[in-house]
Each structure stands twice: as C-alpha cells, then as structure tokens.
Amino acid sequence: MQVYMGGIVPISLASLKTSTCLAIFLAGCDFKCPYCNTPEVLDFKAEYLIDILEAKRRINEAQGSYDTVIFTGGEPTLQRQALLNLSRHCKQIGLKVGIQTNGARPTSILSLLRENILDFIEVDLKSQFENNLFEKTTHSKNFFKQTDGIMNEVKETITLLKKNENNLKIFFKTTIVPGLMDKESDLIEIGKTIENIKCVWILQKFNPEKTLDKKYMELKNEEGHIERLREKLSKRFQNMQIDIG
Ligand code: SF4
C-alpha cells in the first residue's frame, strides 16, 4: 500500500493542551478554500507518494518524543485505507490519535469510529449550510458532486459525531475570514447546527501568511473582532464551550 504524505512535523495543539503532537499531512483535498494555508498539499503530487512502510518508519522514528498524532492535510479522509492503516499503527505503538477534517467523508470517519481508533476529531465548519456561502468558502463544487450533496455529507458527519459524543473529544472549528465568514449572523447559523453536541467550538483566527488565493494575503482580522464574536456567541450558546484558536 502507498500513501500520499506531504510532511510530518511537530505542532502544538492548544485545544488539547498537549505540547507533544506530531502532525502528519496527508496530501490531496476535495475542497479549495481560498484562504487555505496549506496550499502545497492540496494535490496528489507524485513526489508525495511513499510506501506505507516508509510512512510507519518515519512515525516510529519520532516515537518517544510525542504522545499524540494528528492526521491533517489536505483532507486525510480521502485516503481512507492508508489513513486506517496508519491510525491503527499509531494506536498500536501507544499514541493518541486524532484527525482534522472538512467532514465531507463520513464513511471514512465511520470506519475510524467503528475500530475505536480516534481519541479526538476536529471538523472544520466552513460556513452554515447555505449553498452560496458554502461554495464561496470551500470552492468544493465539482463535476461529480454538487454543493447540496457535499453539504449533506458534512451533515451526516455531524449526526455521526452526535451519536459518538461520549466516546471521543469533538472539536468544531470555523475560520473567521475577513469579508467572507466573519458575520455574527452567519456564525449563529453554524452554531445552531452543533449546539446539541458535547464539543468545543474553536473560532480560528485567519492566518494571512500563506493562502491558496493570494488576494487573501492582503486581509487581516479587525482588532478585537474575534473576541467580541466569542463573547456574543457564548451568550447565545450558553451550553457550548467556545474558544479562540
Ligand atoms: S482549508 Fe480547505 S482546501 Fe485547505 S485543506 Fe482544509 S478543506 Fe482543504
């Protein structure tokens, strides 16, 4: 078996309060969010293709320095078999396992949940389920799948997580993108879709250092805007923990 692996680097995950996390970037993504800050791993480039044994060797090499591994990307759930294989391996060598996902592949997430592999999951909610805004924030519509179908897959993931809310830590994340996804009214609509789930909702600061669409590098969050949003949303959704990322 082979895997498109775009990199393996240590990161700090403030949300999990762990300082020893290894991020494995699985290449390829079905979305093309204009503000994406990992544009280099959105395609299945030949240079990323390695044998799964080599991927495991690299993980083993880092073993001992980390207690947690997070599969990110790109979109890790696109490489379902490789993701399952590597996740099982990480679990077997004693690492906690998590994924960062756009949520559009519920069948892959279900496979991980069925094997009890996941300790945590972070699902990016790019916008509320409204065609126009979802398309603008994700550029996900393609020849094979229309926006409605993609949104339904993400909804299915949310339903799946509701059923598993006692078995793993659930994080939802929304990036506050200036002029695109930064209105309180839009965020309230997103909040309504997850308010009944035991989770943490992270309002992620927009990072203009590197973006897929270069125009976005000229934007930045207005000073104090996210803090104000958090305050208002915390009053609106009193049962939900809302953090700033
Ligand atoms: S931000 Fe969007 S384009 Fe980038 S990896 Fe995540 S889902 Fe894919």
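In the predicted model, the largest nonpolar core comprises 61 residues, of which Met-5, Ile-24, Leu-26, Val-69 and Ile-121 touch the most other members. Such a core is a set of buried Ala, Val, Leu, Ile, Met, Phe, Trp, Tyr and Cys residues joined through C-beta atoms within 7 Å; a residue is buried if 20 or more other C-beta atoms, placed from the backbone, lie within 10 Å of its own. Residues up to four places away in sequence being set aside, Ile-24 touches Met-5, Ile-8, Val-69 and Phe-71. Residues are numbered from 1 along each chain as its sequence is written. Because the model is predicted, local features need pLDDT of at least 70 and side-chain atom pairs count only at pLDDT 80 or more, whereas totals for chains, interfaces and linings use all residues.

Strand β5 (residues 96–101) pairs with β6 in the parallel sense over four bridges, pairing requiring at least two DSSP bridges. Within β6, Val-123 stands opposite Thr-101. β6 also pairs in the parallel sense with strand β7 (residues 169–176), over five bridges, and Phe-171 in β7 is the bridge partner of Glu-122.

The residues around the ligand include Cys-29, Lys-32, Asn-102 and Asp-124.

Methods:
A residue is near a molecule or strand if its C-beta atom, placed from the backbone, lies within 6 Å of it. Helices (H or I, at least four residues) and strands (E, at least two) are DSSP runs, numbered from the N terminus. A residue is buried if 20 or more other C-beta atoms lie within 10 Å of its own, exposed if 12 or fewer, and partly exposed in between; C-beta atoms are placed from the backbone. Two residues are in contact if their C-beta atoms, placed from the backbone, lie within 7 Å.
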